[in-house]
Amino acid sequence: MDFPLFQILSFPDELEKSLNPQSQKYVRDTKAMVSTAVDVKELPDAYVFVADMPGLKSADVKVQLENDNVLVIGGTRKREEQDPHVKYIRMERNSGTFMRKFTLPQNSNLDKIGASCVDGVLTVTVPKVPPPQPAKPRTIEVTIGGQ
């Protein structure tokens, strides 16, 4: 049984070029999203997104906020220069565009999002907005008969 996702992932690059630009973008984005694994953790005070980015420079990775609440982690992994004297027997490492999109919860502090990459691991931290303090009762002074 063939599923549409498997059909997209196995879609030959040559045929992809024959599609209209909107369909080409859809196929590329789907391939990019499937090939990008991300762990998502919820902590008491933040949401944390962790993705492996081995060998990438910070210029190759983008962390963006779209539509005020969509976190986009993406970029480009370039294939090393091909030496005409080298014959590859197998090429399994992904190259090209990678991307993931996450709709952030309403309690996300969008102004305090931070990202760091250490030892090939990208960590994006989205702090939570602290919950509102419960309203404290307010005492109203009662005046008695014209005083």
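In the predicted model, Val-124 is part of strand β7, which spans residues 121-127; strands (E, at least two residues) and helices (H or I, at least four) are DSSP runs numbered from the N terminus. The relative accessibility of Val-124 is 0%, so the residue counts as buried, where buried means under 20% relative accessible area, exposed over 50% and partly exposed in between, with a 1.4 Å probe and protein chains only. Contacts, defined by heavy atoms within 4.5 Å, were counted for Val-124 without residues up to four places away in sequence. The residues touched by Val-124 are Tyr-47, Val-48, Phe-49, Val-63, Leu-71, Ile-73, Ile-113, Gly-114 and Ala-115. For Ile-73, the C-alpha to C-alpha distance to Val-124 is 8.8 Å, at a sequence separation of 51 residues.

The loop between β3 (61-66) and β4 (70-77) contains Asn-67. Asp-68 lies in the loop between β3 and β4 as well. Asn-67 is not a glycine, yet its phi is positive, near 50°. A positive phi, about 70°, is also found for Asp-68, again not a glycine. Asn-67 has a relative accessible area of 65% and is therefore exposed. Asp-68, at 62% relative accessibility, likewise counts as exposed.

Residues are numbered from 1 along each chain as its sequence is written, and side-chain values use heavy atoms, with hydrogens and water left out. As the model is predicted, local features need pLDDT of at least 70 and side-chain atom pairs count only at pLDDT 80 or more, while totals for chains, interfaces and linings use all residues.
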